[in-house]
Structures are given as structure tokens and as C-alpha cells.
Amino acid sequence: MTAARREQVLSYAVLIVFCLIALYPIVSILLLALHDRSDLVTGFSIPDSIDFGTFKTAWEEGEFGRGLLNSFIVAGTVAVATAVFATLAGYAFGTMRFRGSDLIFYLLLIGLIFPYEATVIPLYYFFKDFGLTDSYWALILPQIGLSVPFGTFWMRAFFRSTPGALVEASRLDGASSFMTLWKVLLPQAWPAITTMVVLVFMWTWNEFLLALVMIQSDDLRTAPLGLALFQGANRGSQDATLVAAAAIIVALPIMIVYVFLQRSFIRGMFAGAVKE
Amino acid sequence: MTAPSSAGVGAPDPSVGAARADGRAIAERRVRDRAPGEPRRVAYLYLLPALLFYVIFAFGPLLYTAWLSFFDWNGLTVGEWAGLDNYREVLSDESIRSSFVHSLVLIFFYAIVPVLLGLVLASVIAHARVRGVTAFRAILFLPQTIATVVVAIAWTWIYAPNGPLNEALDAVGLDSVSRGWLGDFTWALPALGLVGTWVMFGLAIVLFLAGIQKIPVTLYEAARVDGAGRFREFLAVTLPGLRGELAVALTITTIFALRTFDLIYVSTSGGPGTSTTVPSFLVYQNAFANGRVGLAACIAVVLTALIFVVAFAITKLVDRDPMQ
């Protein structure tokens, strides 16, 4: 018994230490941001009083209201569009047999691992030709294309796991393939779809390079792009508190979603890299 | 028993309906395959929107990047066919080569360290009765969800000359060691590597913990009966049982390491000097600042090829399962 007890204590100790390590960087910039802007902050110093003034200044100077709205528009559109397209494609892969299904599936699988850094150059010139570089489209359309492989992969796994008898019965009743999807399968699919939407939303929200390349006007900056530019413009040591506050502002929306939906996050992340 | 190598990891949650009842599912599918009224050609219609977006905005551009890599092009005037010149430059140019070496250093910190750490910790924790696993798991996983730009800002502060790390070193009497870590030619790259370790270690622990739960307890009991110590038990039971999870963890972390861009751009811009440049940073720099689009495309192609090779090698390495 004592050995088991010792093991238990050791386990708690290990878990707590590593949880503290996981949390510390976030806590450290939160402490930094809670300082007054004029404070000379070093290392572990803790603010005398909780003061959100620095947040207010950062919010106004960095125009983060606009940035968050832009990120919300882009990430929301990408997540919803990906959900629709991936559900349709996953349905085909998961429940139908057709010529070339393996080939098309492998083509999509490549999309799970290739670095989108390698697509940014042609995308930039492509959108430039249409005069669309500085627009929501330049952020939304490519990221739907990049998210569709994961979404399809994920929904295919879901549709494969649904009992075949359900689909069969519906077909024998004479339902069209779309009615089978709509009436029989979709009602069960919501947990899987939620996971996918949450992950795609997060990935799109956090995306940086595409916005950096495509967006020039201040009005269209996404939150991470606005944050990086804000940091670049406030490099003085007395501005550290301001940049920290901005970083918290940008991270907060996803952290709130994460608190409520962490199971979906963790479940989906692991599936993303698995190949069959 | 589920095979840990593919399906088991792919759907860790039964509520989404893992493809876990393998045998039955396959039998059912066989019946389904011959079912009357099964749609065939309509499948292409369902695939169409997803494929269109993927081909136009992801796969197509990837191929076009490969095409561009054979040109000498400044992005404005007409490009000139350059054959393999860009590839020769990638192989011979000292600064480009060193960016790939930096990637290897990052792989060590992003992939190897977290995976080893995760294996050790997960096997320490695995058989203890611990409450609140869900909360621990959520906290350990948190770094994965935060935008890299934010992560970069947090760690820039930690490594700053007046930041927490130096203050901690000073406090324990190591004043001589403290420095501006990201401005140091020797230490900037390992310092950034440790940021990757921080982002990834929770993922490895959570993944391996889930995997160990799936290893039958009888295997551990058998090992104990055979008189195996903790270490032998780890080698004989835990490690083989985590084959699939190892593959997933190594693939995610290695690809992430090779793709590093945001962290470098925000924290060091490749500096000091070129001590923290990485391939994707050079892609950006050459394409959008230096007007060397062909060379940038070529670096991107080499990086992509490297990622494919690594992903393939990891799959092959881990798939050699003697049990199957």
C-alpha cells in the first residue's frame, strides 16, 4: 500500500509541476499587462493593484476591436464553409463506393501534411491578378482549401463508424442520398461536426503568415497580424506592458472557447495527424 | 483488442463512434457494398465543392510553387527559365543550408525532447490513482491552443534582459549566466527551441497517457510475474504498446518544427545575424522582400519534400509492428 501511495504522491507532484510550467508564460504576461504602463517592471514583479488601464490603452492604440472582428469574420466563415463541404465529402467517402475513391482520398491526405508555406507565393500572385489581395477573400478562400482535407478526413471517419444498417434501411425506403444524410445521419453527426468547427476556427484564428502576406490596409488586419505589427511598433522597454496586454486580448477569445470545449479540442487534435 | 497503430488513435473518443468494433464494421460494410439503391456517381457531386477549394487554393498552388522553382523571377517582370539553378543555390548557399540545420536543431527541441519527456512522465503517472485527470489534461494541452504570435510575445518577455528568467538566475547567484537570451548568437536558437518544447510537451504527455490506458493490465502483471523491473517493463510492455501514439506525436511535432515561421518572425526575425533563420522564414524573405521568387519557391519545395520524407519515414519506422 505504501508503495502505491508513494506513486500517487509522485504522480501529483509531477502533474502539478508540469501544469505550472504550462501555465507560467501566460501568467507572466498577464502579470506584466496588469501593471501600470509607467511602472518599471522586472522579472517576477507583481502589480500593486489590479489595473486594466493598460488593456484599455492597448485596445485603443492597436485597434484590436477591429482586429478581433476581422478574425471573427474570417475564422467563422472558414469554419462554417469547411463544415459544409467536409460533411458532404466525408459522406461520400464514408458511405458510397465509386471509382477513384482511393486516389482522390490520398490526394486529400497530402493536404494534411504539406506546409501551406509552400502555397503562399502562388496564392499571393493569383489574388493580385484579380485585385483581391487586400480583402477578406484572400484570407477566407485559401483557408477553406487548407482546412477541407482535415475536415473531410474527420467526417469520413465519423460516417464510417455509423451503422450501415441505418443507411441501408433509409435507402430501401426510397430516400434519396441527400435525404438519408439530412434526416438519418446528420442528427447524430453534431458532436463530430462541433469538434471540427472548433478546431478549424482555432487554426484560422491563430493563422499569421497568410494575413502577413495578403493584407496591407489597417482595416483588414486580423488579430494576430495586428498584434505582431503592434509589437513591432512598440519595442521600447517601457512598452512591454502594453504589448503584453495586447497579447492577452488576442489570446482571450480562443482561451474562453477552450475552457468550455476542451474535450473537443483534444479529441480532434490527435485525429488530425493520423493516417490510415 | 484494438490495434493501437491506426484506428485506435484516430478516434480516441467512443462518443464520436470510433471505428473500434473493427470486425463488425467491416462485415456490415460488405453487406452495404452490395446494397440495392447504393449511390455511385452521385458521390462525385458530394465531393465537388471540397475538391474544388482544395485543388484551386491548396494543391494547385503547391504544384505551381514547384513550377516557379525552375525560374529566375523578381515577381514583377517576365521570369526567366533557370533550370536547376535555384536548386544548386539551395544546396551550395551557406545561409540557406544553415537554415535547414537550424530546423534540425528545432526538431530536437520540438519533437525529441517532448516525446522523451512525455514517455517518462506518462509511465510514471500511468498506474497511480489520480483524481482530476481532465483538469490536468486541459491545462497541459493549453499551449497548443494559443496563437504562436502570442506565444512568441510571452517568451520574448521571459527571455528579456530584465525578464523572469534572468531574475531567477540572479536570485540563485548565477548572475554571470544571465543575458539577453534572444540576442545571443549561441543561445537564441536553443532558447527558441525550448519554446517549441513548451508548446509540445503537454500534447505528448496527454497522448501517451491515453495510450497507456489502452494497454491491457494483464501484460503488466505478466511482466511483473516474470520479475521485470520498472525499466524492463517500460521497454517490453509500455514502449511497444505506444507505437501508434509515438508515430502521431513524432509526426505532429516534427512537422510543426519544420514549419516554424511565426515564432521566428515575431521574436528574432532570424537574428542575431542569421543565427535563427529557418527555411519558411527564408521563403517569406526571398519572395516578398528580396524579389527572388524562384529561389523562395525552390526553398519551399525542398522544405515540402523534407516534410514528406519525414512523415513517410516515421510511418514506416513505427508500422513495423511484429504483432501484426
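A residue is buried if 20 or more other C-beta atoms lie within 10 Å of its own, exposed if 12 or fewer, and partly exposed in between, with C-beta atoms placed from the backbone. Keep that scale in mind for this tour.

**Before you start**

This is a predicted model: local features need pLDDT of at least 70, side-chain atom pairs count only at pLDDT 80 or more, and totals for chains, interfaces and linings use all residues. Residues are numbered from 1 along each chain as its sequence is written, while chains are lettered from A and ligands numbered from 1 in the order in which they are written.

**Stop 1: helix α14 of chain B**

Select residues 279-288 of chain B. This is helix α14. Helices (H or I, at least four residues) and strands (E, at least two) are DSSP runs, numbered from the N terminus. In α14(B), 8 of the 10 residues are buried, so the helix is largely enclosed by the rest of the structure. Which residues of α14(B) are buried? They are Pro279(B), Ser280(B), Phe281(B), Leu282(B), Val283(B), Tyr284(B), Asn286(B) and Ala287(B).

**Stop 2**

Step back to the loop between α13 (262-267) and α14 of chain B, where Pro272(B) is found. A cis peptide bond joins Gly271(B) and Pro272(B), with omega at about -5°. Ser269(B) lies in the loop between α13 and α14 as well. Its phi is near 50°, a positive value in a residue other than glycine. Ser269(B) has 13 C-beta neighbours inside 10 Å, so it counts as partly exposed.

**Stop 2: helix α9 of chain B**

Now select residues 188-214 of chain B, which form helix α9. At 1.5 Å a residue, its 27 residues should span 39 Å; the end C-alpha atoms are 40 Å apart, which agrees. The expected span is 1.5 Å times one less than the number of residues. Where does α9(B) bend? Centre on Met200(B): the bend there is about 35°. That angle is taken between axes fitted to the seven residues ending at a residue and the seven starting there. Of the 27 residues of α9(B), 23 are buried, so the helix is largely enclosed by the rest of the structure.

**Stop 3: the largest nonpolar core**

The largest one has 187 residues. Those with the most contacts inside it are Ala244(A), Ala246(A), Ala247(A), Ala50(B), Val150(B), Ile153(B) and Ile299(B). Two residues are in contact if their C-beta atoms, placed from the backbone, lie within 7 Å.

Pick Ala244(A). What does Ala244(A) touch, leaving out residues up to four places away in sequence? Its partners are Ile29(A), Leu32(A), Ala33(A), Ile153(B) and Trp157(B).

**Stop 4: where the chains meet**

Colour by chain. In the model, 92 residues of chain A are in contact with 99 residues of chain B. Helix α1 (residues 2-34) of chain A gives the most to the side of chain A that touches chain B, with 16 residues. That side divides into 67 nonpolar, 16 polar and 9 charged residues. Here Ala, Val, Leu, Ile, Met, Phe, Trp, Tyr, Cys and Pro count as nonpolar, Asp, Glu, Lys and Arg as charged, and the others, Gly among them, as polar.

**Stop 5: two loops of chain A**

Select Glu63(A), in the loop between α2 (53-61) and α3 (64-95). Its phi is near 50°, a positive value in a residue other than glycine. Glu63(A) is partly exposed, with 15 other C-beta atoms within 10 Å.

Next, go to Pro163(A), in the loop between α6 (136-161) and α7 (164-172). Pro163(A) counts as partly exposed, with 15 C-beta neighbours inside 10 Å. Draw a distance to Leu185(A): the two C-alpha atoms are separated by 9.8 Å, and the residues are 22 apart along the chain.

**Stop 6: whole chains**

Zoom out. Chain A has 11 helices and 0 strands. Along its principal axes, its C-alpha trace spans about 75 × 70 × 30 Å. Of its 276 residues, 49% count as buried. Chain B has 15 helices and 2 strands, and 48% of its 324 residues count as buried.

**Last stop: confidence**

Colour chain A by pLDDT, the predictor's confidence in each residue, from 0 to 100. The chain averages 89, and 96% of the residues score at least 70. Over residues 272-276 of chain A the pLDDT is below 50; beyond near neighbours in sequence, this stretch has 12 contacts in the model. Where pLDDT is low, the predicted coordinates should not be read in detail.

Definitions and conventions
A nonpolar core is a set of buried Ala, Val, Leu, Ile, Met, Phe, Trp, Tyr and Cys residues joined through C-beta atoms within 7 Å.
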